[in-house]
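Open the model in your viewer and show it as a cartoon. This tour tells you what to select at each stop.

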Amino acid sequence: MRIYKLKYEHIKTNVILAVVAATVVGFLLGWLIFGIMLDGFYKANTTFYQGLMKVPPNFFAIFLSNLFWGILLVLIFERWTGIKSFGQGFIWGAVLEFLVIIGMDILFWGLMNLYTPQMVIVDVIANTVLGGIIGGITGWVLGMGKAKAMASCILNSCIYFQSLITLYRVNLPL
């Protein structure tokens, strides 16, 4: 049996960028969906008790969770399935997310008085959509050539930093 040794030269630029893209998209889109759009629904359909929720949440732990999900998707897409497009990534990202979330949500619903059945259904649907989008972005980045992936990354970084500079210029006293 051959054991695969990971060396630096084996890591492709678009693989690293796909992990970064999946992590950032998952973190930001998760915040938008669960932290803003569905916040009221989750509060209404979860049994709360003192100390259940961290205020504020541990954003570093949430970021790490998205990082490991991104690594898992890239590993599956790049090494085992060869997914290199948004469409294929969306489908398989949604399927993987659906299977993981429905398994965990039903387990939690069966073991704890934490969720209502409606919460389980909405959580599975919302996470499936989120997983599809993360998977789509991951597949899209993996399908880019090295030069195109780098150019896209540099362009997006320039746009991001330009918006930060503009934001800080507005707030700086003259």
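Helices here are DSSP runs of type H or I, at least four residues long, and numbered from the N terminus. With that in mind, trace the chain from the N terminus: its elements run α-α-α-α-α-α. That comes to 6 helices and 0 strands. Keep in mind that this is a predicted model.

**The whole chain**

Select everything. The chain has 174 residues, and buried ones make up 31% of them. Now think about contacts between residues at least 6 apart in sequence: 80% of them join residues at least 24 apart.

**The core**

Next, select Ile33, Val74, Phe77, Ile134 and Leu142. Within the largest nonpolar core, which has 27 residues, these touch the most other members. Colour helix H1 (13-37), helix H3 (59-81) and helix H5 (117-143): these are the elements that give two or more residues to this core.

Zoom in on Phe77. What does Phe77 contact, leaving aside neighbours within four places in sequence? Its partners include Ile83, Trp92, Leu96, Thr138 and Leu142. Several glycines are on the list too, among them Gly82, Gly89, Gly93, Gly135 and Gly139.

**The nonpolar patch**

Switch to a surface view. Select Phe86, Phe90, Ile91, Trp92, Val95, Phe98, Leu99 and Trp140. Together they form a nonpolar patch on the surface, with about 770 Å² of accessible area. Which helix gives the largest share of the patch? Helix H4 (residues 86-111) does, with 7 residues.

Pick out Leu99, which is found in helix H4. Is Leu99 buried or exposed? Its relative accessible area is 54%, so Leu99 counts as exposed, the cut-off being over 50%.

**The salt bridges**

The structure holds 2 salt bridges.

Start with Asp39 and Lys43. Their closest N and O atoms are 3.1 Å apart. Both sit in helix H2 (residues 39-44), and because they are 4 residues apart there, about one helical turn separates them. Asp39 is partly exposed at 26% relative accessibility. Lys43 is partly exposed as well, at 49%.

Move on to Lys84 and Glu78. Here the salt bridge spans 2.7 Å from N to O. Lys84 is partly exposed, with a relative accessible area of 37%. Glu78, at 16%, counts as buried, since the cut-off for buried is under 20%.

Conventions. Residues numbered from 1 in each chain as written. Predicted model: local features only at pLDDT ≥ 70, side-chain atom pairs only at ≥ 80, totals over all residues. Heavy atoms only, no water. Salt bridge = Lys/Arg side-chain N within 4 Å of Asp/Glu carboxyl O. Buried < 20%, exposed > 50% of the residue type's maximum accessible area, 1.4 Å probe, protein only. Patch = residues over 30% accessible without salt bridge, like charges linked within 9 Å, V, L, I, M, F, W, Y side chains within 5 Å. Areas by Shrake-Rupley, 256 points an atom, 1.4 Å probe, with all protein chains shown as cover. Core = buried A, V, L, I, M, F, W, Y, C linked by side-chain atoms within 4.5 Å. Contact = heavy atoms within 4.5 Å.
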